[in-house]
Amino acid sequence: MKYLNFLRITKIKTTPKICLEIMFDYTHFLFKHRTSFNDFKVITENETEQILYYETKIFNFLPWSPIRRFISIKKLMPEEKMFHQVYLDLTSKNVFFFKVSMINKDDNVEIINNLSIPVSNFIYFFRKPLLKLVNIKFDVMWNEDKEMLSQLYLNQDYKNVQCVPKTYNLENIYKKEFDKHFKNENKIDYFISI
């Protein structure tokens, strides 16, 4: 097993606050990145960590694409203006690593994406065309984010990026519903004691 390292830097006229909010926000994924995601669920989250489930289209630039399913842990580091993310592919059991950071330069923000992709020795031989495909996938997502970043920059009186319906959150479901499923001990559909 080898790892391919992909580095991509994008620049946009926006504020660091807006950029960081978009970097940490997942509520726009299914809405804004529908070309890239088939499904997306929050397992648990707090101020510095998000554990997420993704169903992502491998070729988001084509009308039809195979789907990959991932569980991900995303560590948010607002002071450093970055996040680190690790993905577990639920089919192959391979682990991907992703680091995104931001640098403020004058009126522009640079967003640095570092991706480390596990590949077999055979696939490693075809790394150049594979990395070109990865870049196309990133470009599709970047153009969707770029539009949002530009709009928010032009409309500085926004309150919060999270303007879409609440995302599926397994931790919230657990907190709200777990106890009620076991409250009524008289309602047992099947009982056995051995």
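# Briefing: fold, core and charged pairs

The protein exposes about 12,700 Å², and carbon and sulfur atoms supply 58% of that area. The model is predicted. Of its 194 residues, 38% count as buried.

**Overall layout**

- The protein has 5 helices and 7 strands.
- From the N terminus on, these elements follow the order β-α-α-β-β-β-β-β-β-α-α-α.
- The C-alpha trace spans about 65 × 50 × 35 Å along its principal axes.
- Among contacts between residues at least 6 apart in sequence, 55% join residues at least 24 apart.

- Helix H1 covers residues 16-24, and its buried residues are Ile18, Cys19, Leu20, Ile22, Met23 and Phe24.
- The cover over the buried residues of H1 includes strands S3 (49-57), S4 (67-77), S5 (82-89), S6 (95-105) and S7 (108-119), together with helix H4.
- The largest nonpolar core has 35 residues, and Met23, Tyr54 and Leu149 are those with the most contacts inside it.
- Met23 is also one of the buried residues of H1.
- Leaving out residues up to four places away in sequence, Leu149 touches Ile12, Thr14, Ile18, Cys19, Ile22, Ile111 and Trp142.
- Among these partners of Leu149, Ile18, Cys19 and Ile22 are buried residues of H1.

**Salt bridges**

- The count of salt bridges comes to 9. Three of them are described here.
- Side chains of opposite charge can pair when their charged atoms come close.
- Glu147 and Lys32 meet through their side chains in a salt bridge, with an N to O distance of 2.8 Å. This pair links distant parts of the chain, since Glu147 lies in helix H4 and Lys32 in helix H2 (residues 29-32), 115 residues apart.
- Glu147 counts as partly exposed because its relative accessibility is 41%. Lys32 has a relative accessible area of 17% and is therefore buried.
- Glu110 forms a salt bridge with Lys105, and the closest N and O atoms are 3.5 Å apart.
- Glu110 is buried because its relative accessible area is 11%, whereas Lys105, at 41% relative accessibility, counts as partly exposed.
- Glu171 forms a salt bridge with Lys175, with the closest N and O atoms 3.8 Å apart.
- Glu171 and Lys175 are 4 residues apart in helix H5 (residues 170-177), so about one helical turn separates them. An α-helix has 3.6 residues a turn, so residues three or four places apart point the same way.
- At 21% relative accessibility, Glu171 counts as partly exposed. Lys175 counts as exposed because its relative accessibility is 60%.

**Arg8 in strand S1**

- Arg8 is found in strand S1, which runs over residues 2-13.
- Its relative accessible area is 10%, so Arg8 is buried.
- The side chain of Arg8 makes a polar contact of 2.6 Å with the side chain of Asn135.
- Beyond its neighbours within four places in sequence, Arg8 is in contact with Ile111, Ile112, Asn113, Asn135, Phe138, Asp139 and Trp142.
- Ile111 and Trp142, listed here as contacts of Arg8, are also touched by Leu149.

**Asp39 in strand S2**

- Asp39 is found in strand S2, residues 37-45.
- Asp39 counts as buried because its relative accessibility is 18%, and the cut-off for that class is under 20%.
- The side chains of Asp39 and Lys41 are joined by a polar contact of 2.7 Å.
- Not counting residues up to four places away in sequence, Asp39 touches Leu30, Tyr53, Tyr54 and Glu55.
- One of these, Tyr54, is among the residues with the most contacts inside the largest nonpolar core.

- Phe122, Ile123, Phe125 and Phe126 make a nonpolar surface patch of about 450 Å².
- Phe126 is found in the loop between helix H3 (121-124) and helix H4 (127-154).
- With 37% relative accessibility, Phe126 counts as partly exposed.

How values were computed: Residues are numbered from 1 along each chain as its sequence is written. This is a predicted model: local features need pLDDT of at least 70, side-chain atom pairs count only at pLDDT 80 or more; totals for chains, interfaces and linings use all residues. Side-chain values use heavy atoms; hydrogens and water are left out. Patches are made of residues with over 30% relative accessible area and no salt bridge: like charges are joined within 9 Å, nonpolar side chains (Val, Leu, Ile, Met, Phe, Trp, Tyr) within 5 Å. Accessible areas come from the Shrake-Rupley method with a 1.4 Å probe; for residues, only the protein chains shown count as cover. A salt bridge is a side-chain nitrogen of Lys or Arg within 4 Å of a carboxyl oxygen of Asp or Glu. Helices (H or I, at least four residues) and strands (E, at least two) are DSSP runs, numbered from the N terminus. Buried means under 20% relative accessible area, exposed over 50%, partly exposed in between (1.4 Å probe, protein chains only). A polar contact is a pair of N or O atoms within 3.5 Å; within protein, one must be able to donate a hydrogen and the other to accept it, and residues adjacent in sequence count only if both atoms are side-chain atoms. Contact means heavy atoms within 4.5 Å. A nonpolar core is a set of buried Ala, Val, Leu, Ile, Met, Phe, Trp, Tyr and Cys residues joined through side-chain atoms within 4.5 Å.
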